[in-house]
Amino acid sequence: MISPGCDALVDGVSLRPFAQTLSTYGAGLAAEIRLEGAAHQSGNFEIVAELVNDSDHDHPLSGTVCKGRLFEARLAIEPERTADFVLEALPDSFRYDRRVPAYGINCGVRMGKDGFETIDLPEFDKRRPIFWTVDQEAPDLSFACLASDPLTSCEMLAAAHARWGDLAWDLDAVRNASVDWSEHMAIHFEKEKRGYEEEKARLKRGIELLKGDERLMQAFKLMNEAMALSTLDSEGRAKYDAWRPFQVGFLLANLGSCAGAETEIVDIVWFPTGGGKTETYLGLILTAAFYDRMRGKTTGITAWSRFPLRLLSLQQTQRFANALAAAEIVRSRYGLGGDPFGLGFLIGGTSTPNDIKDTRSVKERGQWDFEDDDMPGRLRMLKNCPFCKRDTIAMKFRRKYWRVEHRCTNEDCHWGPKEPIPIWVVDSEVWRNLPTVVVGTLDKAAGIAFQTNMRGMVAAPNGYCPEPGHGHTYAVKSGRPHGCLHPRCNAPSGALPMDPKLYGVTYRLQDELHLLRDSLGAVDAHYEALFDHFQNELSEHKPKILASSATLSGYERQSQVLYRRDARVFPQPEPKAGHGFWSGPDEKSMRRFLAVAPRGQTIEYALDRMAVSLQTAIRELHDDPARVAPTFGVDPSLAPWLVDLYGTNVIYGNTLRDLDAVERSAETQWGDIPDPPARVVSLTGRTPFEDVSSVLDQLERPDPDFAKRVHVVAASSMMSHGVDVDRLNVMTMLGLPLTTAEFIQATARVGRTWPSLVFVVHKIARERDASVYRLFPQYVDQGDRFVEPIPITGKSRRVLERTMPGLAFARILMMHQPNAGTGLWKGHQLRNYLSGVPNFGKDEIAAICGMLGYDTADTQSLMNDVESWYDRFVANVEDPANGSEWANDLGPRGKPMLSLRDVEDQVPVWGGDPQ
């Protein structure tokens, strides 16, 4: 451990000598205090004070002491007056304080009663939020109250918000509380205050909508009744029974979107992880679903929720399923018609199948062989029945309906064993049934260039099969003579069960918006435009875009590029960061962050020693609570509870190589951990889907035998989104993540309910890590300001080259094939069709350029690229010598993308100082 130091701007300095405290080691051991001074650019005088090991190199203890290591040393400075450093790289802001009293060198610094004192590690204690911050009685926001009389409580909430704003957004008060008020800050303040005024007006509009729209009022009440049911456990106990104020505020502010209003604005919910964003989404979705039933939408998708990661969290799926099951109970209770509310799971690939193939060839069936009795079990996506909340689900494949079934075996369940639970996990089953909500990964959007069945996401399918359980029908093709997706069906397709214009989705939701960056974001922008284009053309309305994000850095531009819409956030950031109407700091600790900078040893060695120390300490508490617990002032009877909450450590790595090294070290370097040996599991993007489910289950329901529990989780960014386990309260971060947004998201995985520790082990040789270490408390406290702007462009010729085949062939399938009266998958079919459409190329160029917004001088080169692509494509199609079998082989630059991630890997390049 390198000796601590402290620097500050001082006029007078008083130092406590430390030589006497070291003399107990014997003659030859010594330390000295070194002072250096220099003029600072601010005009003040900067002093650096260091405590340096000055022991005799020939001393017997030189091996441990004289190599730069002093242990448990302290240095205190008592200046008469000081001036603060300023974080120059951060802009002026009336919300934040950029002042830094002192920096530590190889240590942390804290303000004492008379000055500064070093501490072993830079640290910051993040407080748990409270959700009612004003000095007046909180309105009753319980589900029960809002299910019966929502107006009284909502009006009280809006009135309190207005009163708070009158005081908090007072210009004189904010100016007087700010340091170095400037004209720039005044302009920014007025802009942000207008955002608050709009937020206040939106709350009022939401209340007026409830008063003026009887169906919307009824839908809102039924949603609250459903949310009350969704929180009950298997014993009928509610995990919680009320909304947080910001959740009701978001619902009120967006109620109009349930009826199709404000589709030209992206609404982003921006709230700390763990604050209840998912439940807020669900409240709005259920309100829209009930409203849909009342306006005649008896089937079809209300919301499509997309997650940017390949492995969608099973916990998120369970929460969606629980909410929809509760809504289905309420729907049937009140006699609302239509299909049962249900959930579709749209991931595909190796996690879930695109289809269950009906073929005699075992090889063609692959891992999703309908004759394999174990196959359905691998597709279990729910831990518990969403109706009775018990682990009573049995999996089965029913050939009659060609469906993978989740079926509850509990006879006392509201849904019961007679019918399968309304969840569909195979792509073709989702298209057939078009459940109320579809959750999945963003990647699947690329399928619209191959799957005519994806038409149900944006418009009406071709028809509806009269056979029970077969669902909607689509384009006729070989083996499907009438378009039914049941492989053994020959029944003629029937009429649609409702107005075709109602099929378009009400919401497209994007979780973790900040991850749509670089090439993924640029590619997705083209497909977002494509889906908007289809729904607007075929269903005559656009969907509402809702999103959540970990950062507000550049969200306006990102939304313009991705969705060609303006954006706004809820809640509007408060005038003093962390002290708003919707939330404020409590006295209770949520996460204590500690920065560790190994010196003179490898980061791997330091990590191994930390893992051994943490696991040894918890075993000592487990094995001998009567001796250990009193040493830190805890009743020994609480030891099992503490072992349960702090006995599992997360080691978060930024690369798979780092995590592989952790697993190897556990086998070879952790031998000092007392029995039982540490059980290490992995949660990364390459962890098989069924293993993810198993690990989450072990973490949520630990084995009574401590030796059989998971002790260490080696996790990558896959864990940083949607994994909510109350038992995870200790994290060791192996180097800073490449982005601050990931740092915020990853560390939020611990401390969800109980106080937690986050050790950030810096790779101090890296410039960025070293810089953040120096200002670690400010980095954690003002993390949102350090978040990098989202790098994304909507005008990349390279991106257009990659997306052009998908955009073009999607239009052929969705817009032209229904008019052709036949399939257009084959080259000869498309050639015959184009012979009767003389303006095909011209019309398609106009459609593609229109949907992508290529209509200005700075997009002329992109318009030329689109025109060139179609010229070559039409020439290939019309060329009789071109023998390509499939139409999508006729594109001039390759086939459509199979996935939105079907682009080259990106290499982050870092430079400069993050302060």
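Q: What is the relative accessible area of R798?
A: R798 is partly exposed, a class lying between buried (under 20% relative accessible area) and exposed (over 50%), with a 1.4 Å probe and protein chains only. The model is predicted, so local features need pLDDT of at least 70 and side-chain atom pairs count only at pLDDT 80 or more, while totals for chains, interfaces and linings use all residues. Residues are numbered from 1 along each chain as its sequence is written, and side-chain values use heavy atoms, without hydrogens and water. For R798 the relative accessible area is 41%.

Q: Which residue forms a salt bridge with R798?
A: A salt bridge puts a side-chain nitrogen of Lys or Arg within 4 Å of a carboxyl oxygen of Asp or Glu. Here the closest N and O atoms are 3.5 Å apart. The partner, partly exposed at 33% relative accessibility, is E801.

Q: Which helix holds E844, the salt-bridge partner of R811?
A: The side chains of R811 and E844 meet at 2.6 Å, N to O. The pair ties together parts 33 residues apart in sequence, because R811 lies in helix α24 and E844 in another helix, residues 840-852. R811 is buried at 8%, and E844 is buried at 1%. The helix of E844 is α26.

Note on methods:
Helix = DSSP H or I, 4+ residues; strand = E, 2+ residues; numbered from the N terminus.
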